[in-house]
Amino acid sequence: MFTARSERQKRHRTSCGETNDSDRVKRRRTRNKEADLDRRRITEKYIWWANPGEEYNEAKEVVNSLYLDSLSYGIVDKFYEKNLFEGPNNRKEFKLQEKALRQFIDRRKDANNVRLTINADVKFMDNPRHGAMGRS
């Protein structure tokens with residue numbers, strides 16, 4: 001019979017040195033990371049400078065096409081680095097950042113880098129209109 005509380009609740013190690021608590025922590029951390037990755041990206045706050053309607057839809061299509069090109073050339077980190085979707089404060093800044101990223105992608109094309117063919121419908125922003133909830 002266990003009389004000492006520490007004896008009852010002591011950490012039993014497995015052959016690989018893990019304890020039940022550390023295994024539980026790893027599983028919980030993995031579940032939380034997966035839940036975070038599965039969560040919907042809030043795209044309604046992107047391209048906040050654009051007016052609802054034609055201007056917003058045009059900017060959204062530009063962001064989506066640049067994201068698809070970045071994904072197919074494996075340079076998604078540069079897409080996020082340029083911060084085209086959140087950074088610019090007006091249309092002029094947006095166009096400058098778009099041009100810079102487009103030139104970076106064109107240099108990849110000119111150098112005949114490997115391009116992945118993506119057959120799925122991949123979009124960075126897919127909310128139907130400004131201020132509406134969508135899935136991303």
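This is a predicted model: local features need pLDDT of at least 70, side-chain atom pairs count only at pLDDT 80 or more; totals for chains, interfaces and linings use all residues.
Local features are described where pLDDT is at least 70, and side-chain atom pairs count only at pLDDT 80 or more, whereas totals for chains, interfaces and linings use all residues. Residues are numbered from 1 along each chain as its sequence is written, and side-chain values use heavy atoms, with hydrogens and water left out.

**View 1. Arg91 and Glu58 form a salt bridge.** The N to O distance is 2.8 Å, where a salt bridge is a side-chain nitrogen of Lys or Arg within 4 Å of a carboxyl oxygen of Asp or Glu; by this rule the count comes to 8 salt bridges. Arg91 lies in helix α5 (residues 91-110) and Glu58 in helix α3 (residues 54-73), 33 residues apart, helices being DSSP runs of H or I with at least four residues, numbered from the N terminus. Arg91 is partly exposed at 31% relative accessible area (buried is under 20%, exposed over 50%, partly exposed in between, with a 1.4 Å probe and protein chains only).

**View 2. Glu58 also meets Lys95 in a salt bridge.** Here the N to O distance is 4.0 Å, and the pair again links distant parts of the chain, with Glu58 in helix α3 and Lys95 in helix α5, 37 residues apart. Glu58 and Lys95 are partly exposed, Glu58 at 34% relative accessibility and Lys95 at 34%.

View 3. Arg102 is partly exposed at 27%, whereas Asp69 counts as buried at 11%. Through shared partners, salt bridges join Glu55, Glu58, Asp69, Arg91, Lys95, Glu98, Arg102 and Arg115 into one network.

Notes:
Helices (H or I, at least four residues) and strands (E, at least two) are DSSP runs, numbered from the N terminus.
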